[in-house]
Each structure stands twice: as C-alpha cells, then as structure tokens.
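I opened the model today to look up how its parts are put together. My notes follow in the order in which I looked.

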Amino acid sequence: MTTARDLAIVALDLAPDHPVEQGDLSLALAAAEVFDLIEARALVLDDDRIAPSAQAPTGDRLLDEAASSLMRNEPYESVEDWLWRRGRGLSAAYVADLESVGLTARPRGRRVPLRTGWTVPVDSAARQRAAERWGAREPLLVALAAAAGIQDESADSTENLADDTVTTVLAAVGDAVMELEAVRQRRVIEDAAFDNVWRGF
C-alpha cells in the first residue's frame, strides 16, 4: 500500500464526522503520490521541479499511472503544476479503485458525506495499516490529511517534517488548497450577486 491509498482510506473512514471537499482531497492525494514516487525512485525533486527517474512498476495501478504521466522533458513540471494536472478528479479515481479491488463497499441505507462517492472501507489489512499509521500520528500522513481538510494540523505531529523535499511539496499543496478555496468563495459571491440581480435588488 501507498501513502496516497492510506490517505484515501483514512478520508473515507473519517468521512461521517469529517466531510471532505473532493478538490482538496484530490490535491492532497496528488501530493501523496509525489512522496510515494520518490520512495519508489521514480522521481527526484530538483528545487520545485519534478524530475523523472528510472521508471519501474510499483505494483500499484494508480501509482504506476502517475509515474507514466510524469513530464519527461526539461524544464520539467513544477510541483504546483503537477498537483493541478494530476489532481483533477483524483479523489474519485481512488474511491473507484478501492471499490474495484474490494477494499470499500457501498453501505445500505446510509450516506457517507464524502463527495467523491458513497463508499466505506471494509475490514482488511489495508484498512488496518492505514488506521495504524493514523493512530500513530505519522507526521506525513497527518500533514496531508490537514491539507485535505480532514483535520486541523497539529504542530506536535508535524515538527519532524523539516526535510526540504517534504517542505516544498507540503507548501505547494497548501497553496493550491488555499487557491481552490478562494475560487469557491468567489463563486459563492458571484452566485449571490447574480441571485440579487435576478430578484431585482
């Protein structure tokens, strides 16, 4: 299993109490894939640029898909550009993939407030692993969850994330999530203004 899959499982597990915006989770999952691909030695980070490395199968379908989609021509892609490109619809892709391999199921008579789909994790080794990482407050997983809006970030849980690569990716996903929220707020204001005009105010 990967950090991205663990994040998706945690998001689904906590969804009844912590509804997640699909876009925020998608950006956080794309950031998690960066870390997974670094661990798989499929990429290296050169400042804020994603430089592809020797590609080898990871055994994870979505992660292999991510590796094959890396830009392979200089000046390469920035982390921010990757988050926006790869993140488009990514939460829905993870939800569908988890269901296709039997790691989630659709509950009967109960809705789960995650806008990516109405599924919940089933008892499995994958769920247990994600729960163990979450229960141990693994700093990287906690930071990515905070970026997705699953919970507020704790300084205690992220104080060990001083690595330049980690800092670069987390800063990029934080900026992207804030930008997405600004877009949402603008749309709310524009919709409200349109409604007022329509009503004659």
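This is a predicted model: local features need pLDDT of at least 70, side-chain atom pairs count only at pLDDT 80 or more; totals for chains, interfaces and linings use all residues.

**Overall layout**

I counted the elements and found nine helices and five strands in the protein chain. Reading from the N terminus, I wrote down the order as α-α-β-β-α-β-α-α-β-β-α-α-α-α. I then looked up burial: of the 201 residues in the protein chain, 44% are buried. I also checked how far apart in sequence the contacts reach. Among contacts in the protein chain with a separation of 6 or more, 65% are between residues 24 or more positions apart.

**Two helices**

Next I looked at helix H2, residues 22-39, and helix H5, residues 90-100. Their axes are 7 Å apart, and the helices pack at an angle of about 75°. An angle from 65 to 115 degrees counts as roughly perpendicular, so I noted H2 and H5 as roughly perpendicular to each other. I listed who makes the contact: H2 brings Gln22, Leu25, Ser26, Leu29, Ala30 and Glu33, while H5 brings Leu90, Ser91, Ala92 and Tyr94. Sorting the residues of this contact by type, I got six nonpolar, three polar and one charged.

**Salt bridges**

Side chains of opposite charge can pair when their charged atoms come close. How many salt bridges does the structure hold? I found 16.

I started with arginine 5 and aspartate 97, which form a salt bridge with their closest N and O atoms 2.2 Å apart. Arginine 5 is in helix H1 (residues 3-14) and aspartate 97 is in helix H5, so this pair ties together parts that lie 92 residues apart in sequence. Is this pair buried or exposed? Both arginine 5 and aspartate 97 are buried. For arginine 5 I noted a relative accessible area of 6%; the cut-off for buried is under 20%. Leaving out residues up to four places away in sequence, I found arginine 5 touching Asp60, Tyr94, Asp97, Leu98, Val101 and Leu103.

The second pair I looked up was aspartate 6 and arginine 133, a salt bridge at 2.6 Å from N to O. Aspartate 6 belongs to helix H1 and arginine 133 to helix H6 (residues 125-135), so the pair ties together parts 127 residues apart in sequence. I noted both aspartate 6 and arginine 133 as buried.

Arginine 85 counts as partly exposed because its relative accessibility is 29%. Glutamate 77 counts as buried because its relative accessibility is 7%. I also traced salt bridges that share partners, and they join Arg5, Glu33, Asp60, Arg61, Glu65, Arg86 and Asp97 into one network.

**The nonpolar core**

In soluble globular proteins, nonpolar side chains tend to be buried together. I looked up the largest nonpolar core, which has 55 residues. Which members touch the most other members? I wrote down Leu7, Leu29, Ile50, Trp82, Leu83, Leu144 and Val173. H2 gives the largest share of this core, with 10 residues.

Last, I checked the contacts of valine 173. Setting aside its neighbours within four places in sequence, valine 173 is in contact with Leu27, Ala28, Ala31, Leu83 and Ala147.

Definitions and conventions
Residues are numbered from 1 along each chain as its sequence is written. Side-chain values use heavy atoms; hydrogens and water are left out. Axes are lines fitted to C-alpha atoms, for helices over the stretch in contact, and angles run from 0 to 180 degrees between N-to-C directions. Helices (H or I, at least four residues) and strands (E, at least two) are DSSP runs, numbered from the N terminus. Angles under 35 degrees count as roughly parallel, over 145 as roughly antiparallel, 65 to 115 as roughly perpendicular and the rest as oblique. Contact means heavy atoms within 4.5 Å. Ala, Val, Leu, Ile, Met, Phe, Trp, Tyr, Cys and Pro count as nonpolar, Asp, Glu, Lys and Arg as charged, and the others, Gly among them, as polar. A salt bridge is a side-chain nitrogen of Lys or Arg within 4 Å of a carboxyl oxygen of Asp or Glu. Buried means under 20% relative accessible area, exposed over 50%, partly exposed in between (1.4 Å probe, protein chains only). A nonpolar core is a set of buried Ala, Val, Leu, Ile, Met, Phe, Trp, Tyr and Cys residues joined through side-chain atoms within 4.5 Å.
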